[in-house]
Amino acid sequence: MKRLFIICLFFLFVFPLKIRAYSVTGHEIFSEITFKEKGKLLVNMSTSEIDQGYYYLRKPKFMGWKHYYFNMKEEATYVGEVLFAKSNRSRDPIKIDYKYKDTNTNERSVTYGGSLSGKFKKKIKGIDAEVNAKIEGSIKNVTSNQTIEETSFSVTIMPNTRMIFRETGDCLVTNGVSKYYILGITFNKGEWEYIDIVTRYYELFEEEIA
């Protein structure tokens with residue numbers, strides 16, 4: 001029993017479990033991703049679709065990484081973080097004064113699976129350069145997160161109404177599968193996806209409370 005316990009601890013340290021918060025898009029900072037033309041998120045792909053990507057990597061490489069791309073900088077729109085939400089279940093209107101200051105927004109979200117570890121995030125930069133070269137650098141520039149944005153407004157929330165203030169905009173989706181070979185033997189493999197924010201703006205809307 002003691003030996004079994006030690007073996008279990010060994011595998012936990014060598015192959016740590018990746019526990020992620022559930023998100024319908026696979027990315028915590030995006031609640032919705034809608035492609036403008038073609039495209040598919042990893043979270044929406046079937047096992048057979050993922051396996052098809054690995055099939056294209058079936059020819060081993062002597063040493064290093066091989067990648068297969070499902071999507072390369074595909075244009076999409078996103079719905080991001082809900083910054084403010086207020087419901088009015090009373091009989092009287094409610095007036096709200098709201099002020100929001102954004103000083104540290106994300107411009108890229110990365111997710112990965114299989115046996116890929118957190119170190120794979122560093123590899124994304126190399127993949128990104130390869131993707132840009134393949135599409136001849138025709139993509140839009142990614143917005144910087146160094147600017148400080150301040151938004152304020154006053155709104156009246158009517159009875160049985162919910163007011164929502166959220167972030168939305170345009171983004172680029174790139175995803176695929178990768179294998180790492182040593183002497184022609186697969187030592188690491190997994191699927192990955194990164195989403196770049198291109199434009200960012202704020203949306204205020206109301207909805208009736210059911």
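## Salt bridges at K73

A salt bridge here is a side-chain nitrogen of Lys or Arg within 4 Å of a carboxyl oxygen of Asp or Glu. In this predicted model, K73 and D196 meet that description, with N and O 3.2 Å apart. The pair links distant parts of the chain: K73 sits in strand β2, and D196 in strand β7 (residues 185-197), 123 residues away. Both K73 and D196 are buried.

K73 has another partner. Its side chain also meets that of D128 in a salt bridge, at 2.6 Å from N to O. K73 belongs to strand β2 (residues 63-88) and D128 to helix α3 (residues 123-134), so this bridge ties together parts 55 residues apart in sequence. D128, like K73, is buried.

R108 lies in strand β4 (residues 108-112) and D196 in strand β7, so the bridge ties together parts 88 residues apart in sequence. R108 is partly exposed, at 28% relative accessible area. D196 has 2% relative accessibility and therefore counts as buried. Through shared partners, salt bridges join K73, R108, D128 and D196 into one network.

The whole structure holds nine salt bridges.

## The overall fold

The protein has three helices and eight strands. Their order along the sequence is α-β-α-β-β-β-α-β-β-β-β. Among contacts with a separation of 6 or more, 84% join residues 24 or more positions apart.

Of the 210 residues, 36% are buried. The accessible surface comes to about 13,500 Å². Carbon and sulfur atoms account for 53% of that surface.

How values were computed:
Residues numbered from 1 in each chain as written. Predicted model: local features only at pLDDT ≥ 70, side-chain atom pairs only at ≥ 80, totals over all residues. Heavy atoms only, no water. Helix = DSSP H or I, 4+ residues; strand = E, 2+ residues; numbered from the N terminus. Buried < 20%, exposed > 50% of the residue type's maximum accessible area, 1.4 Å probe, protein only. Contact = heavy atoms within 4.5 Å. Areas by Shrake-Rupley, 256 points an atom, 1.4 Å probe, with all protein chains shown as cover.
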